[in-house]
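Please open the model in a viewer and keep the selection panel at hand. The stops below are meant to be followed in order.

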Amino acid sequence: GVTTAAPAYQLQTKATEWSDEMYRIFGVERGVFEVGTHNFLAMVHPEDRPRIEELVARNGAKAEPPTEFRIMRSDGTMRWVYREAEIWHNPDGTPAMRLTTYKDITEKREADMRHRALEALLRDAIESISEGFVIYDAQDRLVLCNEAYRKLYPEGAELMVPGTRFEDVLRSALKQGRYADAVGREEEWLAERLRARREFSGPFEAQWADGRWMLISERRTSSGGIAGLRVDITALKRVQQSLRESQQRLDRTQMIAHIGTVERDLRTGTVVWSEETYRIFGVDPSSYTPSAENLLGFIHPDDRPLVLDVVRRSNHHEEASKSAKFRIVRPAGEIRSILAQAHVARDGGGKPL
């Protein structure tokens, strides 16, 4: 709470009178505490005393600028006090009395200090994030962002200040040709981006004109604002592209050599076929589910005992030392001859995988 006291100082008689609330703020009793400048200053915190001494020494008939300072009560507790003065005049315009108002603002100051401490803690936490982090308010105006976020938009550094609209940040980036898929259709792209921002359809990837890829994730805050994260996934995208190219090369090689591969996880039973394996067995990857059981359905009846023995040895983690030749019957009825070679992969401890 904030309590207010208003001691009056008669400019002519130089008499000072304290209100009851003034005694309560300073923690002294009327009749016991002697009102006077010396006793008043003695209760001011030593670090604030020179400044208040200078203010009191003026003792003039002019209004004083408001000020805040600390006092130390006789019981050792410290309180924050807000002081401001007003001059009352006689009918003829001459100054008659200075009315000084004191407010106990201890709770407010402590709350402000806690708020500043939490704000500093939040900023430190945000700056410790290696990814770009940003918060916008309910009106989509910038509240704060970390240095990693600013570095992502160097051409718009002057916009990275509280109050800037998200749309203005986007327009600046579009003007610099930041987004590869927006070139030539900037306004349409902007409308789509703002709509997606309102609808929160989930994280999405965006490629920038310089070749970098960003994973953009945004969430609504409890106050109606938006917290956003920008993660540079360029290295990951390059690895994914390299894997795709390697897989494509493998598929082309298998297709040329008419060799397909089948991988079966001995721990989970999961089966994975290569593209060429689907072609060899004459089935569509979109409609056929590979499994050991389904595979046996393709085997020519006369060769099924042989293949069952191969499967048995695989289930018992026995190394298939010899090739197996058998026939399959494709869904269309065509019979094909197959040469198969099995190999059991093991981990570092020799456990079959």
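The model is predicted: local features need pLDDT of at least 70, side-chain atom pairs count only at pLDDT 80 or more, and totals for chains, interfaces and linings use all residues. Residues are numbered from 1 along each chain as its sequence is written, and side-chain values use heavy atoms, with hydrogens and water left out.

**The sheet.** Select the strands in the order β8-β7-β11-β10-β9; they form an open sheet of 5 strands with antiparallel pairing. Here helices (H or I, at least four residues) and strands (E, at least two) are DSSP runs numbered from the N terminus, and two strands pair if DSSP finds at least two bridges between them. β8 and β9 (204–207) stand at the edges with a single partner strand each, so one side of each has no neighbour in the sheet. From one strand to the next, the twist averages 25°, with axes taken as lines fitted to C-alpha atoms and angles running from 0 to 180 degrees between N-to-C directions. Next, zoom in on β7 and β8, which run antiparallel and are joined by 3 bridges. Tyrosine 136 is found there opposite leucine 142 in β8.

**The helix.** Select α6 (residues 166–175), where Phe166, Val169, Leu170, Ser172, Ala173 and Leu174 are buried; buried means under 20% relative accessible area, exposed over 50%, and partly exposed in between (1.4 Å probe, protein chains only). The buried residues of α6 pack against β7, α7 (186–199), β10 (213–220) and β11 (226–232), a contact being heavy atoms within 4.5 Å. After α6 comes glycine 177, with a positive phi near 70°.

**Two loops.** Select aspartate 140, in the loop between β7 (132–136) and β8 (142–145); aspartate 140 has a positive phi of about 65° although it is not a glycine. Finally, select histidine 258, in the loop between α8 (234–257) and β12 (262–264). Histidine 258, also not a glycine, has a positive phi of about 55°, and it counts as exposed because its relative accessibility is 61%.
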